[in-house]
Amino acid sequence: MMRLNNLSARYNILTGYVNAVDNVSFEVMDNEIFGIAGESGCGKSTLLKVMYDLVSYPLEISDGSVEIGGKDSSGKAVILKTGEIKKSWWRNISYIPQGAMHVMNPVTKVDTQFYDAISKQNCNFNKKALRQEIINYLHELELPASVISAYPHQLSGGMKQRVIIALATFLNPGIVLADEPTTALDVVVQRGILTMLSRVQRKMKNSMVIVSHDMGVHYQITNRLGIMYAGQMIEIGPTEEIFSTPRHPYTQMLINALPRIGDLNQKEGIPGTPPSLKNPPPGCRFAARCPKATDLCRVKQPEVFQINDRHQASCHLLYDL
Ligand code: ADP
Ligand code: MG
């Protein structure tokens, strides 16, 4: 379980603040894959960093908090908050940063990467037994045993990403966060990575949070989906429902922009650009690009509208129906 309560985070830059995450609240349940979607620059990576408790200058939390359910070193169930979550990295929560496979330490073999991560847990381990456990786990994830002695440059992009996923899930954390895990990989390799992630989730029955700008990824793998726009979470619901009946005009445009099989027309993106996160406009942040915007939309931020008990969206128009 993971809960975000009115979370806001910003970058402190010389000329002011970039308000990258604005008043975001949601819960990630046990045993689900929760997706976070939205255009580049809308705050997805920042949100994930704050969820992981990876907050350092120039990033700061300006309001709210994150809580996760976990276990302490003796196995007792505990609730950890921002500031404490860091202490349970790897054990309760793990994080695959955007572009992780491009920054694997080139002089460190895969086995050493595992030992380094595990030794951070202060647990005593028998290296030989551990090595066998790692090999077994790699095997389970359909990776050849030989990768354990490989240097990153000896592995393909897809293989590196698989090793990173293995590393992030080896200690069986209750929460796994992955930022754009398939971006920059070709479509066939992408599919393999997504299959691997959902298999790992089904086996561990943990919570996974997948950030991707690619709606196709969410369609394939997530159970519930949150749509971000300009630092805010503007719609949350079961993935199927978001695709079949999106309720926020931005989500509707995102879905309509997706290519469909047999459709030969060139799809157009959404015209216009998101507002500045330094000085966001007073009303709905999507108003300037929204074909349905009214005067109210330009002056007042919409409240969350509950469509049903699992689906919500923040749009003034929903209140008029
Ligand atoms: P996404 O992952 O959705 O593409 P990010 O979370 O990376 O979005 O970025 C959100 C906003 O924060 C963007 O406007 C980006 O330019 C800004 N930003 C990201 N990192 C920094 C930083 N280190 N300093 C200042 N602004 C940043
Ligand atoms: Mg990002």
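Helices (H or I, at least four residues) and strands (E, at least two) are DSSP runs, numbered from the N terminus. The model is predicted: local features need pLDDT of at least 70 and side-chain atom pairs count only at pLDDT 80 or more, while totals for chains, interfaces and linings use all residues. Residues are numbered from 1 along each chain as its sequence is written, chains are lettered from A and ligands numbered from 1 in the order in which they are written, and side-chain values use heavy atoms, with hydrogens and water left out.

View 1. His 218 has a relative accessibility of 0% and counts as buried. Buried means under 20% relative accessible area, exposed over 50%, and partly exposed in between (1.4 Å probe, protein chains only). Apart from neighbours within four places in sequence, His 218 is in contact with Gly 35, Ile 36, Ala 37, Ile 210, Ser 212, Leu 225 and Thr 239. Contact means heavy atoms within 4.5 Å.

**View 2. Magnesium ion (ligand 2) with Ser 45 and Gln 98.** The ion is coordinated by OG of Ser 45 and OE1 of Gln 98, at 2.1 to 2.3 Å. Ser 45 belongs to helix H1 and Gln 98 to the loop between strand E6 (93–96) and helix H2 (110–119), so the pair ties together parts that are 53 residues apart in sequence. Donors are N, O and S atoms within 2.8 Å of the metal (3.2 Å for Na, K and Ca); water is not among the atoms, so sites may look incomplete. Gln 98 is partly exposed, at 46% relative accessibility.

**View 3. Helix H1 and the residue that follows.** Seven of the eight residues of H1 are buried, so this helix is largely enclosed by the rest of the structure. The buried residues are Lys 44, Ser 45, Thr 46, Leu 47, Leu 48, Val 50 and Met 51. Asp 53, which follows H1, has a positive phi, near 70°.

**View 4. Packing of helix H4 (residues 157–169) and helix H5 (residues 187–204).** The two helices pack at an angle of about 15°, with their axes 10 Å apart. Gly 158, Gln 161, Arg 162, Ile 165, Ala 166 and Thr 169 of H4 make the contact with Val 189, Gly 192, Ile 193, Met 196, Leu 197, Val 200 and Met 204 of H5. Axes are lines fitted to C-alpha atoms, for helices over the stretch in contact, and angles run from 0 to 180 degrees between N-to-C directions. H4 and H5 are therefore roughly parallel to each other, a term for angles under 35 degrees.

**View 5. The cis peptide bond from Tyr 57 to Pro 58.** Omega of this bond is near 5°. Pro 58 is in the loop between helix H1 (44–51) and strand E4 (59–71). Most residues other than glycine have a negative phi, and most peptide bonds are trans.

**View 6. Positive phi at Asn 23 and Asn 172.** Asn 23 has a phi of about 55° and lies in strand E2 (residues 16–28). Its relative accessible area is 46%, so Asn 23 is partly exposed. Asn 172 has a phi of about 60° and sits in the loop between H4 and strand E7 (175–179). Asn 172 counts as partly exposed, at 48% relative accessibility.

Key: Angles under 35 degrees count as roughly parallel, over 145 as roughly antiparallel, 65 to 115 as roughly perpendicular and the rest as oblique.
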